Amino acid sequence: MNNFCPMPFINLETRTDASCSVCCQMDRVIHNNGVPVNLVNDVPSSAWRSSDINSIRDQFLENVQPRECYSCWQAESAGVDSKRLRALRDFPDVETRVVS
């Protein structure tokens with residue numbers, strides 16, 4: 001899978017305002033059924049199991065480039081080492097465990 005990223009399978013980024021995203025490069029916060037997840041009022045599992053993260057995971061498993069991850073796609077198309085590429089090197093076994 002050329003487009004796979006391990007981050008939505010192993011990481012949950014918490015912002016200073018208690019919102020969540022998949023990683024520090026993603027500028028969109030996670031929603032669950034259209035409502036932004038905020039850890040002031042929600043438990044971390046509500047973000048981890050959210051409709052947004054599940055959609056992103058599904059796209060990676062289908063070898064699709066999620067639009068939410070545009071910063072990595074732009075970096076890679078410019079020849080820059082993206083967060084996704086670094087994560088693939090740092091966590092090489094995630095794809096094998098998730099896909100199999």
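Start with helix 1 (7-10), helix 4 (70-77) and helix 5 (83-90): each of these supplies at least two residues to the lining of the largest cavity. The model on screen is predicted, and every value in this tour is computed from it.

**Stop 1: the cavity**

The structure holds 1 cavity of 30 Å³ or more, and about 110 Å³ of space lies in the largest cavity. Select Cys-5, Cys-23, Gln-25, Cys-69 and Cys-72; of the 15 residues lining the largest cavity, these are the closest to its centre. Then colour by secondary structure. Helix 4 gives the largest share of the lining, 3 residues. Colouring the lining by residue class instead gives 10 nonpolar, 2 polar and 3 charged residues.

**Stop 2: the cysteines beside the cavity**

Show the sulfur atoms of the cysteines. How many disulfides are there by the distance rule? The count comes to 0. The rule asks for a pair of cysteine sulfur atoms within 2.5 Å.

Cys-23 is in no disulfide, and its nearest cysteine sulfur, in Cys-24, is 5.3 Å away. Next select Cys-72. Which cysteine sulfur is closest to the sulfur of Cys-72? That of Cys-23 is, at 5.7 Å, which is too far for a bond.

Cys-23 counts as buried, at 8% relative accessibility. Cys-72 also has 8% relative accessibility and counts as buried.

**Stop 3**

A search of the whole structure finds 3 aromatic pairs. Select Phe-4 and Phe-60 and centre the view on their rings. The ring centres are 6.5 Å apart and the planes stand at 65 degrees, so this pair is edge-to-face. Because Phe-4 lies in the segment before helix 1 and Phe-60 in helix 3 (residues 51-61), the pair ties together parts that are 56 residues apart in sequence. Both Phe-4 and Phe-60 are buried.

**Stop 4: a charge over a ring**

Select Arg-57 and Trp-48. The charged end of Arg-57 sits over the ring of Trp-48, and lies 4.4 Å from the ring centre.

**Stop 5: two loops with positive phi**

Move to Ala-18, in the loop between strand 1 (13-14) and strand 2 (20-21). The phi of Ala-18 is positive, about 75 degrees, although the residue is not a glycine. Is Ala-18 buried or exposed? Ala-18 is buried, with a relative accessible area of 13%.

Now select Asn-33, in the loop between strand 3 (31-32) and strand 4. Asn-33 is another residue other than glycine with a positive phi, near 55 degrees. Asn-33 counts as exposed, at 66% relative accessibility.

Gly-34 is found in the loop between strand 3 and strand 4. Gly-34 is exposed, with a relative accessible area of 59%.

**Stop 6**

Select Asn-41, in the loop between strand 4 (35-36) and helix 2 (44-48). Asn-41 is exposed, with a relative accessible area of 67%. How many Å separate Asn-41 and Ser-77 in space? The distance is 38 Å, for two residues 36 apart in sequence.

Conventions:
Residues numbered from 1 in each chain as written. Predicted model: local features only at pLDDT ≥ 70, side-chain atom pairs only at ≥ 80, totals over all residues. Heavy atoms only, no water. 1 Å grid on protein atoms, 1.4 Å probe; cavity = no way out; pocket = protein on both sides within 12 Å on 5 of 7 lines; lining within 4 Å. Points joined across faces, edges and corners; volume = space filled by probe spheres on them. Helix = DSSP H or I, 4+ residues; strand = E, 2+ residues; numbered from the N terminus. Nonpolar A, V, L, I, M, F, W, Y, C, P; charged D, E, K, R; others polar. Buried < 20%, exposed > 50% of the residue type's maximum accessible area, 1.4 Å probe, protein only. Phe/Tyr/Trp six-rings, centres within 6.5 Å; stacked < 30°, edge-to-face > 60°. Lys NZ or Arg CZ within 6 Å of the ring centre and 35° of its normal.
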